[in-house]
Amino acid sequence: MVSDGTYVENVNVGKSVTIKAADGAAPVVDAGKKYPGFWVKAKDVTIEGFTVKNGGPSYTAFYVAANGAQILDNHISGCGWGVYLTSSSGCTVSGNTIDGATSKGIDLYSSSNNVVDSNTLTNCALGVRISSASSDVLSQTNMNGNTVDL
């Protein structure tokens, strides 16, 4: 459980773990406009309840290169990509609010059997991109003010 505060860092997740905001807390990860806010390299990781900002135009708030990740109920702004899944399967991206991604709000590349559900994407260059992927599910995702939604 993570307490309130602003954490200026880039979090590399290399083992199965749950990283969650403490009850009533609103922790902020400021990626410092370099590298992803969270880089998930291990399977079965859950990250929930954060604000992630300042990934910069070339980086993502959440870079996921692993299976079974859950990216839940986060607020993302000031990043090139909100959530980027690559070569991943069995992941869930749900309940996130992504604003102003200069590249893509949610990007699934070479990934399969993932669920993208109940997210809100606003003012992104491209809301959601699914490329070289199969059997991914996109539902209940609100897209407004994006240059291109899907």
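**Strand pairing, core and surface**

Mentor: Strands here are DSSP runs of E with at least two residues, numbered from the N terminus, and two strands pair if DSSP finds at least two bridges between them. Before going on, note that this is a predicted model, in which local features need pLDDT of at least 70, side-chain atom pairs count only at pLDDT 80 or more, and totals for chains, interfaces and linings use all residues. Residues are numbered from 1 along each chain as its sequence is written, and side-chain values use heavy atoms, with hydrogens and water left out.

Trainee: How many bridges does S9 share with S12, and in which sense do they pair?

Mentor: Five bridges, in the parallel sense. S9 also pairs with strand S11 (residues 97–99) over three bridges, again parallel; there, Ser77 has Asp99 as its bridge partner.

Trainee: What joins S7 to S9?

Mentor: Eight bridges, with the strands running parallel. Along them, Thr51 is partnered with His75, and Gly56 faces Cys79. Thr51 is also the bridge partner of Val28, as strand S4 (residues 28–30) runs parallel to S7 with three bridges. S5 is joined to S7 by three bridges too, in parallel, and there Phe38 is opposite Phe62.

Trainee: Which residues have the most contacts inside the largest nonpolar core?

Mentor: First the general idea: in soluble globular proteins, nonpolar side chains tend to be buried together. A nonpolar core is a set of buried Ala, Val, Leu, Ile, Met, Phe, Trp, Tyr and Cys residues joined through side-chain atoms within 4.5 Å. Buried means under 20% relative accessible area, exposed over 50%, and partly exposed in between (1.4 Å probe, protein chains only). Here the largest core has 33 residues, and those with the most contacts inside it are Phe38, Ile47, Phe50, Phe62, Val83, Ile98 and Ile106. Strands S2 (11–13), S5 (38–40), S7 (51–64), S9 (75–86) and S12 (104–109) each supply at least two of its residues.

Trainee: What does Ile98 touch?

Mentor: Taking contact as heavy atoms within 4.5 Å, and leaving out residues up to four places away in sequence, Ile98 touches a set including Ile76, Val83, Ile106, Leu121 and Cys124.

Trainee: Is Leu150 buried or exposed?

Mentor: Leu150 counts as exposed because its relative accessibility is 63%. Leu150 lies in the segment after strand S17 (142–144).

Definitions and conventions: Helix = DSSP H or I, 4+ residues; strand = E, 2+ residues; numbered from the N terminus.
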